[in-house]
Amino acid sequence: MKKGLFITFEGGEACGKSTQVQLFKQFVQTRQDKDNFVFIREPGGTILGEKIRDLVLNFTQDSPTDKAELLLFLASRAQIYTKVIKPALEEGKIVVADRFYDSTVAYQGFARQIMPAEEILALNKMILNSLKPDLTFYLEIKPEIAFKRKGESSLDRMESEPLEFHQKVYEGYRFMAEKEKNRFAVIDATKSIDEIHNQIKQKACALIEKYYKQK
Ligand SMILES: Nc1ncnc2c1ncn2[C@@H]1O[C@H](COP(=O)(O)OP(=O)(O)OP(=O)(O)O)[C@@H](O)[C@H]1O
Ligand SMILES: [Mg+2]
């Protein structure tokens, strides 16, 4: 089964996930083992998944009901798990994801309250054959501070939700960070982009070196 390493980036809107994944990706390009890394984003990452991403985030004609939204996210995950993540890990690759199932617990569980967190975790377990990330960078920042980072650009369906929605997202991440402490690296996302990048680089490299030694 799983041989590789699975690293995820999580956090609420505008906490800096994509900025940090991008910087980490640039750093990886300087490494000799760069071909050993696979970067993915959720929802998306497969042809079907990208269509689902568009439906979930931008389809305003008939926006999905809560349960439809949950199942669309999970459908995208089932697809990327089987087609991309599982084969890459079996080859011993290092998979890096911008969002994963902690987002589902935070958004669909805590914020939308579609199902209890435990049930959302059970659905994910079914889809992922119990796979969990080895390391999760959780970029923690209060939503009222993070939102000041968003410019005037048009907001997608999640981003347009009121502040209390995002406060519940924050609580959801806190819940997961407590529940699966061992894989969580909680990062203070109010720090500068460079400072955060250096922290992430250090932690990720330590894990990667350990992984190569054990191989
Ligand atoms: N540490 C930081 N300090 C200040 N601004 C930041 C920091 N990190 C990112 N930003 C800025 O905040 C904005 C949002 O960053 P980014 O898109 O990386 O967030 P995200 O977590 O990927 O958001 P989303 O949830 O919408 O995908 C960008 O304008 C980015 O330049
Ligand atoms: Mg992003």
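This tour goes from the whole chain to the surroundings of the ligand.

**Whole chain.** Start with everything shown as cartoon. The model is predicted. Select the protein chain and colour by secondary structure. Trace them along the sequence, and the pattern reads β-α-β-α-α-β-α-α-β-α-α-β-α. The radius of gyration is 17 Å, close to the 17 Å of the globule rule for 215 residues, so the protein chain is as compact as a globular protein of that length.

**Extent.** Switch to C-alpha atoms. Along the principal axes, they fill a box of roughly 50 × 35 × 30 Å.

**Burial and contacts.** Now colour by burial. Of the 215 residues in the protein chain, 37% count as buried. Next, draw contacts between residues at least 6 apart in sequence. How many of these join residues at least 24 apart? The share is 79%.

**Ligand 1.** Select ligand 1 and the residues around it. The shell holds 13 residues.

**Helix H1.** The largest share of the shell around ligand 1 comes from H1, with three residues.

Finally, keep the shell selected and colour by residue class. Five residues are nonpolar, five are polar and three are charged.

Note on methods. Residues are numbered from 1 along each chain as its sequence is written. Chains are lettered from A and ligands numbered from 1 in the order in which they are written. This is a predicted model: local features need pLDDT of at least 70, side-chain atom pairs count only at pLDDT 80 or more; totals for chains, interfaces and linings use all residues. A residue is near a molecule or strand if its C-beta atom, placed from the backbone, lies within 6 Å of it. Helices (H or I, at least four residues) and strands (E, at least two) are DSSP runs, numbered from the N terminus. Ala, Val, Leu, Ile, Met, Phe, Trp, Tyr, Cys and Pro count as nonpolar, Asp, Glu, Lys and Arg as charged, and the others, Gly among them, as polar. The radius of gyration is taken over C-alpha atoms; the globule rule is 2.2 Å times the number of residues to the power 0.38. A residue is buried if 20 or more other C-beta atoms lie within 10 Å of its own, exposed if 12 or fewer, and partly exposed in between; C-beta atoms are placed from the backbone. Two residues are in contact if their C-beta atoms, placed from the backbone, lie within 7 Å.
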